[in-house]
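Here is a friendly walk through one protein model, written for reading beside the structure. Please keep the 3D view open as you go.

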Amino acid sequence: MARIAGVTAAETRERLLRAAADVFAERGYDGTRVADIAAAAGVSNGALYAHFPSKAGLLVEALRAHGPRMLATLLAAAPDRPVTDLLLTVGRQLARPRDAHGHLIVEALVAARRDEDVARPMRDYLGGRTEWIADLVRGAQARGEIDPGLSPDALAHFCLLLAMGSALVTPGLHGVDDAQWSALLTRVVAALAPTDVTAQRGATQ
């Protein structure tokens with residue numbers, strides 16, 4: 001059977017993705033069996049395979065559905081807010097503890113180093129995230145928020161590195177004072193402004 005009686009295929013798929021996110025976060029990729037996810041979702045192994053061809057594919061889809069999406073959430077809530085403000089807000093959260101699903105990216109990255117079945121969809125996932133951020137940067141450059149001389153792809157890559165690194169270097173391993181971290185990020189984000197704007201700010205200070 002491909003789904004639970006009385007439950008739509010879309011609802012079954014969402015139940016599987018949430019169960020996968022929970023189990024992967026708790027047990028890690030290598031410590032998780034497909035049967036564990038099916039049991040947590042309340043479906044048979046056959047129902048799981050009707051929606052997802054492999055554990056590897058399920059890991060990346062769970063990351064897409066339930067991984068960190070703070071920037072997208074903030075943008076949806078305030079679409080006219082300057083991108084630099086959004087980046088600063090997200091950046092301030094990077095040094096703070098994450099919920100369990102916030103570490104899904106770590107499981108996916110580690111698994112991708114050993115398993116090409118995970119590496120392939122992860123390349124697509126990270127490529128899509130990077131391009132999405134690069135598009136935000138291009139829009140900000142067109143509006144005069146960010147220096148047009150900066151590479152959108154390089155800045156998107158930089159943002160991705162910060163986000164990935166913060167998932168690995170957690171506050172439990174190395175904490176940093178919120179005020180000091182915020183002050184540093186404020187300077188970094190200010191440096192993204194067009195050169196003439198930066199010069200004007202310096203002249204008025």
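## About the model

This is a predicted model, in which local features need pLDDT of at least 70 and side-chain atom pairs count only at pLDDT 80 or more, while totals for chains, interfaces and linings use all residues. Residues are numbered from 1 along each chain as its sequence is written, and side-chain values use heavy atoms, with hydrogens and water left out.

## The chain as a whole

The chain has 11 helices and 0 strands. Helices here are DSSP runs (H or I, at least four residues) and strands are runs of E of at least two, numbered from the N terminus. Along the principal axes, the C-alpha atoms fill a box of roughly 70 × 35 × 30 Å.

Of the 205 residues, 40% count as buried; buried means under 20% relative accessible area, exposed means over 50%, and partly exposed lies in between, using a 1.4 Å probe and protein chains only. Among contacts between residues at least 6 apart in sequence, 66% join residues at least 24 apart. A contact means heavy atoms within 4.5 Å.

## Helix H1

Helix H1 covers residues 9-27, and its 19 residues should span 27 Å at 1.5 Å a residue; the end C-alpha atoms are 26 Å apart, which agrees. The expected span is 1.5 Å times one less than the number of residues. After H1 comes Gly28, with a positive phi near 80°.

Which residues of H1 are buried? They are Thr12, Leu16, Leu17, Ala19, Ala20, Ala21, Val23 and Phe24. These buried residues pack against helix H2 (34-41), helix H3 (45-51), H4 and helix H7 (104-114).

H4 is mostly covered, with 9 of its 12 residues buried. Among the buried residues are Lys55 and His66, along with Leu58, Leu59 and Leu63. The cover over the buried residues of H4 includes H1, H2, H3, H7 and H8. From first C-alpha to last, H4 reaches 16 Å, close to the 16 Å expected at 1.5 Å a residue.

How do H4 and H8 sit together? Helix H4 (residues 55-66) and helix H8 (residues 116-142) pack at an angle of about 25°, with their axes 8 Å apart. That makes H4 roughly parallel to H8, the term for angles under 35 degrees. The axes are lines fitted to C-alpha atoms over the stretch in contact, and angles run from 0 to 180 degrees between N-to-C directions.

On the H4 side, Ala56, Leu59, Val60, Leu63 and Arg64 meet Asp117, Val118, Pro121, Met122, Asp124 and Tyr125 in H8. By class, this contact of H4 with H8 has 8 nonpolar, no polar and 3 charged residues. Nonpolar covers Ala, Val, Leu, Ile, Met, Phe, Trp, Tyr, Cys and Pro; charged covers Asp, Glu, Lys and Arg; the others, Gly among them, are polar.

## Two residues to look at

Thr130 is found in helix H8 and counts as buried at 18% relative accessibility. Not counting residues up to four places away in sequence, Thr130 touches Asp153, Ala156, His157 and Leu160.

Val83 has its place in helix H6 (residues 83-93). Is Val83 buried or exposed? At 5% relative accessibility, Val83 counts as buried. Leaving aside neighbours within four places in sequence, Val83 is in contact with Leu136, Ala140, Arg143 and Glu145. The C-alpha atoms of Val83 and Ala140 are separated by 6.3 Å, although these residues lie 57 residues apart along the chain.

Notes
Angles under 35 degrees count as roughly parallel, over 145 as roughly antiparallel, 65 to 115 as roughly perpendicular and the rest as oblique.
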